[in-house]
Amino acid sequence: MALLFKGTSFTLSVLALSDADLPALADKLSQKIQQAPGFFQGAPLVVDLAALTQAPDLQAIRDAILGQGMVPVGLVNCPTAHKDQAREAGWALMQQGRTQPAQAKHPKASAPAPRPPAQYFRGQVRSGQQLYAKDRDLVILGTVGAGAEVIADGCIHIYGNLRGRAIAGAGGDVQARIFCRKLEAELVSIAGTYWLSDDLQGEQWQAPTQVWLENEQLAIGPM
């Protein structure tokens, strides 16, 4: 059997751990998962130890994450003194991505390939349903109900209420946006950066809204 290893990139959620209180960790993870179970259940998770001042029990942390239905993938900013413990507990030791320095000269970039036409859906996306527009925008001519999930590699346009989950730029497109007539979402995500319902309940809640990435953080404003 021939084996082929390929280099690629994935969007992963990162948990910044600030203390080693395991009951508190399990409780907070449970609360987050309950807000958007379809998004978090079975999702891979990277743990960042940069802010941790106590000696961590990495096996117990891994078990706590597994106990909440998520998949612990690896550690970033793991102190050298704890790397052997991390390997014994089954953690991968990961490096954070670095921005490439600007080059003095750039070859002329070719124009990006145009996206295929948008994918349209007319009607209500109901609880438990998932729609995915691969390599294109997604246009919903109706409402996205609570418990429903709409995903696109491009932008998402919802001509109705957004009560469920909207995940744009699923393939990593940081220029993707989400537009909706009325924001009541369980979760919105652009290129892996997400906000839950609690984060969204400000001036734009229940108003016509667009969501985009700005300086690697989500921004929200009127349409």
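## Surroundings of Gln204

Leaving aside its neighbours within four places in sequence, Gln204 is in contact with Leu183, Thr209, Ile220, Gly221 and Pro222. These contacts belong to a predicted model. Gln204 itself lies in a loop, between helix H5 (197-200) and strand S14 (209-214).

The relative accessible area of Gln204 is 12%. Because buried means under 20% relative accessible area, Gln204 counts as buried.

## Polar contacts of Gln204

The side chain of Gln204 takes part in two kinds of pairing. One is with the backbone: the side chain reaches the backbone oxygen of Pro208 at 2.9 Å. The other is between side chains, where a polar contact of 3.1 Å joins Gln204 to Thr209. Thr209 is also among the residues listed as being in contact with Gln204.

## The parallel sheet

Elsewhere in the model, 4 strands form an open sheet. Their order is S1-S2-S3-S4, and the pairing is parallel. Strand S1 (13-16) and strand S4 (92-93) stand at the edges; each has a single partner strand, so one side of each is left without a neighbour in the sheet.

Strand S2 (residues 44-48) and strand S3 (residues 71-76) run parallel and are joined by 5 bridges. Within this pairing, Val47 has Leu75 in S3 as its bridge partner. Helix H3 (residues 58-67) packs on the sheet and touches both S2 and S3. The direction of helix H3 makes about 140° with that of S3.

Methods
Residues numbered from 1 in each chain as written. Predicted model: local features only at pLDDT ≥ 70, side-chain atom pairs only at ≥ 80, totals over all residues. Heavy atoms only, no water. Pairing = 2+ DSSP bridges. Helix = DSSP H or I, 4+ residues; strand = E, 2+ residues; numbered from the N terminus. Contact = heavy atoms within 4.5 Å. Axes fitted to C-alpha atoms, helices over the stretch in contact; angles between N-to-C directions. Buried < 20%, exposed > 50% of the residue type's maximum accessible area, 1.4 Å probe, protein only. Polar contact = N/O pair within 3.5 Å; in protein donor to acceptor, adjacent residues only side chain to side chain.
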